[in-house]
Amino acid sequence: TMQNIPHTQLIQLAKASYLNSPIIHILPHSYLRRQLLSIAKDIAQDDILLLEEEGLIQSQCTSLSPQEVLDACLIRGLPTGPNVSTQSMYTFLTNHLQMIQHIVQSRGKACLLENEGGQIFLLYLSILRYDMLKPKLQSNT
């Protein structure tokens, strides 16, 4: 559960989830936990809603506007920025939703909507993505 995550890891999760603040290191453990769970629940609910939108994955999420895709990628920690094309963001979001779809099909919606472990998994995805991209980012500099 979130209570078992050390404060330093909560801080890293918070930074990856855009809860970055100059005072983040002195924020109470309980505050960070609540904020992170709130973000995770928002992502889980949004993922489920997007999965329920008929034909979205098959159309590579193109029924969403570029701004909606950017927002969806940002909150999930998917690659964005001036060097990332809109088409790439559609692909990243589609891949994310396909992975979530497999989880929902095998474990059920409750695994993400009601299970803290599933919500923590969603938060850690952005850190894993960042770590996987880090060597590529460093080689571009």
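This is a predicted model: local features need pLDDT of at least 70, side-chain atom pairs count only at pLDDT 80 or more; totals for chains, interfaces and linings use all residues.
Helix H1 spans residues 7-16, and its buried residues are Leu10, Ile11, Leu13 and Ala14. These residues lie on the same side of H1, because they cover an arc of only 165° around the axis. Just after H1, tyrosine 18 adopts a positive phi of about 65°.

Leaving aside residues up to four places away in sequence, serine 63 touches Glu53, Leu56 and Glu68. With glutamate 53, the side chain of serine 63 makes a polar contact of 3.4 Å. Leucine 37, by contrast, is 26 residues from serine 63 in sequence and 29 Å from it in space, C-alpha to C-alpha.

Side chains of opposite charge can pair when their charged atoms come close. In this model there are three salt bridges. One of them joins arginine 76 to aspartate 46, with the closest N and O atoms 2.7 Å apart. Arginine 76 belongs to helix H3 and aspartate 46 to helix H2, so the pair ties together parts 30 residues apart in sequence. Arginine 76 also meets aspartate 47 in a salt bridge of 2.7 Å, N to O. Because aspartate 47 lies in helix H2 and arginine 76 in helix H3, this pair ties together parts 29 residues apart in sequence. Arginine 76 and aspartate 47 are both buried, whereas aspartate 46 is partly exposed, at 28% relative accessible area.

A further salt bridge links the side chains of glutamate 52 and lysine 109 (2.5 Å, N to O). Glutamate 52 is in helix H2 and lysine 109 in the loop between helix H4 (86-107) and helix H5 (110-113), 57 residues apart.

Terms used:
Residues are numbered from 1 along each chain as its sequence is written. Side-chain values use heavy atoms; hydrogens and water are left out. Buried means under 20% relative accessible area, exposed over 50%, partly exposed in between (1.4 Å probe, protein chains only). Helices (H or I, at least four residues) and strands (E, at least two) are DSSP runs, numbered from the N terminus. The arc is that of the directions from the helix axis to the C-beta atoms. Contact means heavy atoms within 4.5 Å. A polar contact is a pair of N or O atoms within 3.5 Å; within protein, one must be able to donate a hydrogen and the other to accept it, and residues adjacent in sequence count only if both atoms are side-chain atoms. A salt bridge is a side-chain nitrogen of Lys or Arg within 4 Å of a carboxyl oxygen of Asp or Glu.
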